[in-house]
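Dear colleague,

I am handing over the structure below, and my notes on what was found in it follow directly after. Please read them with the coordinates open beside you.

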Amino acid sequence: MIELLDILLLLFLVICAVAAISMRDLLSSTIVLGSYSLFMAVVWTRLNAVDVAFTEASVGAGITTMLMLAALSRTKRFEFLYRKKGQQEDPNKETNPLLKNWKRKRFSVTKVSGLIVVLLTGAILIYGTMDMPDFGDPNSPSYTHVATMYIERGQPEVNVPNLVTAVLASYRGYDTLGETIVIFTAGIGVILMLRKRKKT
Amino acid sequence: MSEHIVIKRVSNFIIPFIQLFSLYVIAHGDISPGGGFQGGVIFGASIILYVIAFGMKDGRTRISEILTDFMNSIGVLLFAGIGLACVIMGGAYLEYTKLAGSAGEGHGSHAEHALHLAGHLGIYGIEIGIGIVVASVMITIFFETANTQDDD
């Protein structure tokens, strides 16, 4: 029964992904991407990765959607489309947003080459998963390296009930400092590039 | 968007709860899922919701450019400063238990308690630092990316 839930969730993920790229309205596309992240958060919860699920829900579904909307306010709402005759036109000028006469170009070199690259990458990734240990295998390398040490010594050494926080804040403290500085740098970069300066 | 009365009322009602939840997430990072990063993101999102409902100008009067710029740096300095404080107290960088100082020396329950408290407070401190950085950077990115033509 619970496997059925997993299959349904993964199916929803695929549906959301396909819907997001096939929509003409970029605003709806952004919202669908947000729901993709929400389903992904449920999948993480099913895998018992609650911290990751929390991050996915707040960052992927929450803030990314908002930042995309902010970026969308700088561009136009509708995707650049082609009329049936073949010439390019801009649907943002159209008053009727239903876009009955608008169509995407069926085939183009960029689309076909993109499809080939995606299929190739997917095939390589699937080939790569064949060498991976079984799901939850206690002898897999990720469980035998430092994970056992964290689980055994994390509680007495760091004395923090949430083991993920213990690893992030103490054992991997430098990593977390680096991540914080990356976010800080992103903020500084946005201020330097996009802020309107007063003319002096 | 500023004339939508329903959006305004609902966000007025819900924003305090979102902010309270974000502070809860930051403060309980060590005993439950979440932490500084997630809490900071949620706090930033609450401010962005306010800006979406009430407009850029009103948003900037609530949370000014200077404030977010300062908070950007203060968060990183808090994180790095706690690490440096550990060095000054004679430990390694980010070795929180050294923050206990002389109270953590020797044996017995008193010293042990002091060490635990120092470790806890150190982790609290860096979580708060991360939260401040993330919240202010998210607010900054939203303010700088969103189109300001409506308000100018």
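To begin with the surface of this predicted model, a nonpolar patch is formed by B:Ile5, B:Val6, B:Val10, B:Phe13, B:Ile14 and B:Phe17, which together have about 620 Å² of accessible area. One of these residues, B:Val10, belongs to helix α1 of chain B, a helix that covers residues 5-27.

Turning to the interface, 35 residues of chain A are in contact with 46 residues of chain B. The area buried between the two chains, B and A, comes to about 3,700 Å², and carbon and sulfur atoms give 72% of that area.

A salt bridge joins the side chains of A:Arg195 and B:Glu65, with a distance of 3.7 Å from N to O. There are also 12 residue pairs in polar contact between chain B and chain A, where both residues of a pair have pLDDT of 80 or more. On the side of chain B that touches chain A, at least two residues are supplied by each of α1, α2 (36-54), α4 (65-88) and α5 (109-145) of chain B. The helix that gives the most to this side of chain B is α5(B), with 15 residues.

With best regards

Technical notes:
Residues numbered from 1 in each chain as written. Chains lettered and ligands numbered in written order. Predicted model: local features only at pLDDT ≥ 70, side-chain atom pairs only at ≥ 80, totals over all residues. Heavy atoms only, no water. Patch = residues over 30% accessible without salt bridge, like charges linked within 9 Å, V, L, I, M, F, W, Y side chains within 5 Å. Areas by Shrake-Rupley, 256 points an atom, 1.4 Å probe, with all protein chains shown as cover. Salt bridge = Lys/Arg side-chain N within 4 Å of Asp/Glu carboxyl O. Helix = DSSP H or I, 4+ residues; strand = E, 2+ residues; numbered from the N terminus. Contact = heavy atoms within 4.5 Å. Buried area = accessible area lost by both parts, 1.4 Å probe. Polar contact = N/O pair within 3.5 Å; in protein donor to acceptor, adjacent residues only side chain to side chain.
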